[in-house]
Amino acid sequence: MNPGLRLMAVLLGLNLLWAPTLLMAKVAQETFTPVGLAAVRWALFAAIMAALALRRPRWLPLALPNGWDRVKSFAIGLGIVSAAHTLYYVGLGLSSSVETNVLNTLLPVFTAVLAFFLLRERVSPRRWVAILLGVIGAYVVVVGFGLPRLSQGHTVGNLLYLAGVFCECLGMVLAARIILRSSGLGVLVFESAGVMVGTLSFALFLQDPILRARATPGWAEAASLLYLAAVAGVFAFGVWYVLVEGAPVSLMMLSCLVQPPVAAWLGWALLDERLQPHTGVGAAVIALGLVIAASERSGS
């Protein structure tokens with residue numbers, strides 16, 4: 001198989017795991033507050049990564065960064081990634097899933113621009129075409145062929161979520177600089193510890209109760225939290241960070257645009273939500289963009 005197609009196949013698999021994240025977060029928020037969910041999820045995430053770093057199994061490609069790179073990885077998690085995930089959960093609670101999915105289409109755009117300026121990563125014309133097609137396709141999946149109907153009362157939530165999108169892209173690009181001279185999993189160990197401290201600090205600063213009043217976690221909430229921390233967290237992020245060692249982040253982030261159609265189909269299959277005709281059209285446009293990106297000749 002063509003290396004580009006093989007890479008894209010793995011990335012699509014990861015995004016299939018990430019697609020239910022918003023659904024799982026909504027289930028977990030029946031018990032946890034938005035800020036509390038971010039704090040608890042990343043505490044579990046960091047604990048698992050710390051256990052892996054201490055045990056260091058032979059099959060795991062984990063090499064810890066040296067010296068200041070450890071501090072920088074921790075700082076990226078503390079100051080940027082923790083803010084991104086807190087803004088995501090708070091913004092989601094003040095907006096709608098349709099509007100936040102529209103904002104998610106900017107992930108590859110922000111990443112490509114930041115990678116060009118911070119990593120000197122060359123984004124070829126072919127990749128820009130793929131990004132444009134992916135963004136258009138994701139927009140069609142979420143909105144259709146018209147203009148988005150943004151609720152006036154959701155302005156604050158949308159701005160918070162958009163800030164989270166930018167922070168996540170910035171954190172990924174900055175982490176890539178360290179990953180290229182150490183290892184993806186090693187950076188993730190220290191970064192996840194920083195995110196844990198950051199999200200817990202947000203909860204303490206905001207005097208957040210973590211659990212909703214008179215709420216007791218049930219099996220559904222516990223399963224959702226485990227999925228967010230272990231499956232969509234340690235496993236998916238772990239594989240992603242390993243791939244960053246040899247693939248351009250602007251190309252990798254393009255694959256995130258498959259999440260809107262997958263989320264739409266999950267809503268149809270699990271929640272009996274209506275599947276619109278434009279979903280298939282948008283998914284086809286996204287697929288075309290991914291094929292163009294995967295066929296790009298690259299030395300990576």
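**Salt bridges**

User: Which residue meets Asp69 in a salt bridge?

Analyst: This is a predicted model. The side chain of Asp69 has an N to O distance of 2.9 Å to its partner. That is within the 4 Å cut-off for a salt bridge. The partner is Arg181.

User: How many residues apart are Asp69 and Arg181?

Analyst: Asp69 sits in helix α4. Arg181 sits in the loop between α8 and α9 (184–205). The pair links distant parts of the chain, and the separation is 112 residues.

User: Is Asp69 buried or exposed?

Analyst: The relative accessibility of Asp69 is 11%. Buried means under 20%. Therefore Asp69 counts as buried.

User: How many salt bridges does the count come to?

Analyst: One joins Asp69 and Arg181. Glu121 forms a salt bridge with Arg127, with the closest N and O atoms 3.7 Å apart. By this rule the count comes to two.

User: How is the aromatic pair of Tyr88 and Tyr161 classed?

Analyst: The structure holds eight aromatic pairs. In the pair of Tyr88 and Tyr161, the rings are 4.9 Å centre to centre, with 45 degrees between the planes. Stacked needs under 30 degrees and edge-to-face over 60. The pair is therefore tilted.

User: Which helices does the pair of Tyr88 and Tyr161 link?

Analyst: The two residues are 73 residues apart, in distant parts of the chain. Tyr88 counts as buried at 10% relative accessibility, and Tyr161 counts as buried at 3%. The helices are α4 (residues 67–93) for Tyr88 and α8 (residues 155–179) for Tyr161.

User: Why is the pair of Phe110 and Phe166 given its class?

Analyst: The ring centres of Phe110 and Phe166 are 5.6 Å apart. Their planes stand at 85 degrees. An angle over 60 counts as edge-to-face. So the class of Phe110 and Phe166 is edge-to-face.

User: Are Phe110 and Phe166 buried or partly exposed?

Analyst: Phe110 lies in helix α6 (residues 107–118) and Phe166 in helix α8, 56 residues apart. Phe110 has 23% relative accessibility. Phe166 has a relative accessible area of 37%. Phe110 counts as partly exposed, and Phe166 is partly exposed.

User: Which residues form one aromatic cluster?

Analyst: The cluster includes Phe45 and Phe237. Its members are Trp18, Trp42, Phe45, Phe237 and Trp240.

**Nonpolar surface and core**

User: Which helix gives the most to the nonpolar patch?

Analyst: The patch covers about 470 Å² and is made by Val113, Phe116, Phe117, Leu118 and Trp128. Phe116 counts as partly exposed at 45% relative accessibility. Phe116 lies in helix α6. With four residues, the most is given by α6.

User: Which residues touch the most other members of the largest nonpolar core?

Analyst: In soluble globular proteins, nonpolar side chains tend to be buried together. Here the largest nonpolar core has 62 residues. The residues touching the most other members are Leu11, Trp240, Tyr241 and Val244.

User: Which residues is Leu11 in contact with, leaving aside neighbours within four places in sequence?

Analyst: Leu11 belongs to the largest nonpolar core. Beyond its sequence neighbours, Leu11 is in contact with Trp240, Leu243, Met252 and Ser255.

Notes: Residues numbered from 1 in each chain as written. Predicted model: local features only at pLDDT ≥ 70, side-chain atom pairs only at ≥ 80, totals over all residues. Heavy atoms only, no water. Phe/Tyr/Trp six-rings, centres within 6.5 Å; stacked < 30°, edge-to-face > 60°. Buried < 20%, exposed > 50% of the residue type's maximum accessible area, 1.4 Å probe, protein only. Patch = residues over 30% accessible without salt bridge, like charges linked within 9 Å, V, L, I, M, F, W, Y side chains within 5 Å. Areas by Shrake-Rupley, 256 points an atom, 1.4 Å probe, with all protein chains shown as cover. Core = buried A, V, L, I, M, F, W, Y, C linked by side-chain atoms within 4.5 Å. Contact = heavy atoms within 4.5 Å.
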